[in-house]
Amino acid sequence: MGRSNSSLEDCNPNSAGQIHHKRVIIQNKYKENLVGILHETDSKEVVIVCHGFRSCKDRIPMVNLAAAFANEGISAFRFDFAGNGDSEGSFQYGNYYREVDDLRSVMQYFEQEERLVTAIIGHSKGGNVVLFYASRFKDVDNVVNISGRFDLRRGIEGRLGKDYLKRIKQYGFIDVANRKGNIEYRVTEESLMDRLTTNTSAACQLIPQTCRVLTIHGSGDKIVPAEDAMEFAKHIFNHKLHIIEGADHEYTSHQNELSSVVLNFVQSGSSHDNAQSENKSRRSFL
């Protein structure tokens, strides 16, 4: 399932000893190598941090979230989905459940390493991916959705332009250019339909009640409106909503608050899970 390359990029003291940054390579089900950085504290527990659309593991929110957990003695793993960052594969628009498959490979890797994944955390598109994962697999107790988009039909025109459906039907694809006019990626009709037919509402309702979900959103987000966060709250059974006032999509001026909210949620969930396990153990002796 996976292999690891380790290089100790730096070491920082923390309460549990040392934090080692270890490069880990995990093969997904499509035989592509996914590259990640493990903030290793030697804890049994590990949290997984997932990036967003055309992003990578090295963007500031992912790095800061992983560092916040490591500073508390909890190992954290941030990685690149296939076709992004340092990972193999080609970038594809849409592709939500293929990224769920990538996350599944990462989960299985840590299971084989006899580690306990206590939370999966996703930013932007990664927020959708962790929710879709929880709806399909029942092996995670804590999920954090940071600025995910509920209605996937929205936000497309801003990237693909007006009349995108008509143009993609006519030509079979749309090339998306940056401000300098350079082509950054191609959207095929198949990949666009993948996004348009991905049903967030149905997926959210399949997340088991035993799974705790936190949605965080910035009130100043101009990429994904905060109204989307309210929709997640309506469709997920065991859900908590936290709005960070004034925060933009990347939480540019709110990194510490973001990390604090995520950390508190996951740690409170771990305490709750431990208490339940202890109660079950006591009952077994009665």
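**Ground rules.** I number residues from 1 along each chain as its sequence is written, and I use heavy atoms for side-chain values, leaving out hydrogens and water. Since the model is predicted, I ask for pLDDT of at least 70 for local features and 80 or more for side-chain atom pairs, while totals for chains, interfaces and linings use all residues.

**Overview.** I looked up the secondary structure of the protein chain and found nine helices and twelve strands; these are DSSP runs numbered from the N terminus, helices being H or I with at least four residues and strands E with at least two. Of the 286 residues, 51% are buried (under 20% relative accessible area, with exposed over 50% and partly exposed in between, for a 1.4 Å probe and protein chains only).

**Aromatic pairs.** I paired rings of Phe, Tyr and Trp (its six-membered ring) when their centres lie within 6.5 Å, calling planes under 30 degrees apart stacked, over 60 edge-to-face and the rest tilted. That rule gave me twelve aromatic pairs. I checked Phe 79 with Phe 81: the centres are 5.0 Å apart and the planes stand at 70°, so this pair is edge-to-face. Phe 79 is buried at 1% relative accessible area, and Phe 81 is buried at 0%.

Next I took Tyr 96 with Phe 132, an edge-to-face pair with 5.9 Å between centres and 75° between planes. Tyr 96 belongs to helix α2 (residues 96-112) and Phe 132 to helix α3 (residues 125-136), so the pair ties together parts 36 residues apart in sequence. Tyr 96 is buried at 4% relative accessibility, and Phe 132 is buried at 1%.

I also noted one aromatic cluster, formed by Phe 77, Phe 79, Phe 81, Tyr 109 and Phe 110.

**Charges over rings.** My test here was NZ of Lys or CZ of Arg within 6 Å of the ring centre and within 35 degrees of the ring normal. Arg 98 has its charged end over the ring of Tyr 30, 3.8 Å from the centre. Arg 212 does likewise with Phe 265, at 4.0 Å from the ring centre.

**Helix pair.** I then turned to helix α5 (residues 164-171) and helix α6 (residues 189-196), whose axes come within 10 Å and cross at roughly 145°. The axes are lines fitted to C-alpha atoms over the stretch in contact, and angles run from 0 to 180 degrees between N-to-C directions. With contact taken as heavy atoms within 4.5 Å, α5 brings Tyr 164, Leu 165, Ile 168 and Lys 169, and α6 brings Glu 189, Leu 192, Met 193 and Leu 196.
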